[in-house]
Amino acid sequence: MEFTASPKPQLSSRANAFSIAALMSSGGSKEKEAAENTIKPLEQFVEKSSCSQPLGELTSLDAHGEFSGGSSSPSSSSLCTEPLIPTTPIIPSEEMAKIACSLETKELWDKFHELGTEMIITKSGRRMFPTIRVSFSGVDPEAKYIVLMDIVPVDNKRYRYAYHRSSWLVAGKADPPLPARLYVHPDSPFTGEQLLKQMVSFEKVKLTNNELDQHGHIILNSMHKYQPRVHIIKKKDHTASLLNLKSEEFRTFIFPETVFTAVTAYQNQLITKLKIDSNPFAKGFRDSSRLTDIERE
C-alpha cells in the first residue's frame, strides 16, 4: 500500500492564536510589560517599609540636588534621580532649601571621572575609592540631622569594556534590579553645629554583588553604571526609625563626577594605576610590576 505525505494542516485563526509561535511572542510582550512595571529600587524600599499609604508623586533633582518640576529632557530622565522617599510637600521647605552640600576631594573624583571610574564589588564587600566625603552648609546649628547614602542605576543598560578602543560600550539590557539598600552614616544623628564644623565621610560603605548579603552592604550588578546620592534628613522628635519617612523633611544631592561602573576586576589599566597612585592604603602595589596582581582580584 503506497503512502503519500499528507499536506501540512492549515491552522484556523483561532487555533493559530494558541500556536507555539504565538505563545512565545505573547510571552515576550509579557516580559516587556513586566520589565516596564518593575518597581524602581528606591520605590521598592518604600514599598517594603511600614507605610501603608500610596506613594506620592516623585520629584526630580538636578545635578546639584535642586528640586525641579519633573523635566522630560534626556539629561534629567537618563539618571534615576527620584528622591529617596515621596515628599509632602514636593518642594522642600524654606529651611531645607537653604542647605548646600559640597563634594570633598572633587579634583581626585574629576581625574577618575575623565578615565571612567570603576569600583570593585566582591562577595564579602569592598570599600569605595575614592571615598564619598561631603560637607554641609546652611543647616540649623540647633537642629539634628540624619545623613545617609544610597547608590542607584544611571540607566537600564549593561556594559562591556572594549580593550581595543579603551572605552565602555553598551552590551545589552540591564540585569534585574537588586534589593535597594540605604547606608545610614553611623554617626547619625548629627547636630547642625557638628555638620558645620566637620565633613561627613562614607569610608565604611562596602559594595557587594552578593544578593543574599546579611551585612548591610550595598548590592550592585557588575558591569552596570551607578550614581551615588547623599541625603540629609531633619530629625524630628517623632523620628524613631527610618522605615516611615513620608512626613520627614529631606534634601538629596548628587554629584555627576562620582558616577562609576561596578566591576569584579578592573578593566581599564589607567584606572588601576590611578587607584594605586592615589590610595594611601595601596603602598604595597606601587611597583608597576604588580599591577596584574590587583587586576586578578
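Q: Is Tyr226 buried or exposed?
A: The model is a predicted one. A residue counts as buried when its relative accessible area is under 20%. Tyr226 has a relative accessible area of 6%, so it is buried.

Q: Which ring pairs with that of Tyr226, and how is the pair classed?
A: The angle between the planes decides the class: under 30 degrees is stacked, over 60 is edge-to-face and the rest are tilted. The partner of Tyr226 is Phe260; the ring centres lie 6.1 Å apart and the planes stand at 35°, so this pair is tilted. Phe260 is buried as well, at a relative accessible area of 1%.

Q: Which parts of the chain does the pair of Tyr226 and Phe260 tie together?
A: Tyr226 belongs to strand 15 and Phe260 to strand 17 (residues 260-263), so the pair joins parts 34 residues apart in sequence.

Q: How many aromatic pairs are there by this rule?
A: The count is six. Among them is the pair of Phe112 and Phe129: the ring centres are 6.2 Å apart and the planes are at 85°, so the pair is edge-to-face. Phe112 is in helix 6, while Phe129 is in the loop between strand 5 and strand 6, 17 residues apart. Both residues are buried. Elsewhere, ring pairs link Tyr161, Tyr163 and Trp168 into a cluster.

Q: What is the form of the peptide bond from Phe129 to Pro130?
A: The angle to read is omega: for this bond it is near 0°, and the bond is cis. Pro130 sits in the loop between strand 5 (126-127) and strand 6 (133-137). The bond from Ser188 to Pro189 is also cis, with omega near 0°. Pro189 is found in the loop between strand 10 (183-184) and strand 11 (190-191).

Q: What is the phi of Thr105, and where does this residue lie?
A: Thr105 has a positive phi of about 50°, although it is not a glycine. Its place is the loop between strand 3 (100-103) and helix 6 (106-115). With 34% relative accessibility, Thr105 is partly exposed.

Q: Is Met223 buried or exposed?
A: Met223 has a relative accessible area of 18%, so it is buried. Its phi is near 65°, a positive value in a residue other than glycine. Met223 lies in the loop between strand 14 (218-219) and strand 15 (225-235).

Key. Residues numbered from 1 in each chain as written. Predicted model: local features only at pLDDT ≥ 70, side-chain atom pairs only at ≥ 80, totals over all residues. Heavy atoms only, no water. Helix = DSSP H or I, 4+ residues; strand = E, 2+ residues; numbered from the N terminus. Buried < 20%, exposed > 50% of the residue type's maximum accessible area, 1.4 Å probe, protein only. Phe/Tyr/Trp six-rings, centres within 6.5 Å; stacked < 30°, edge-to-face > 60°.
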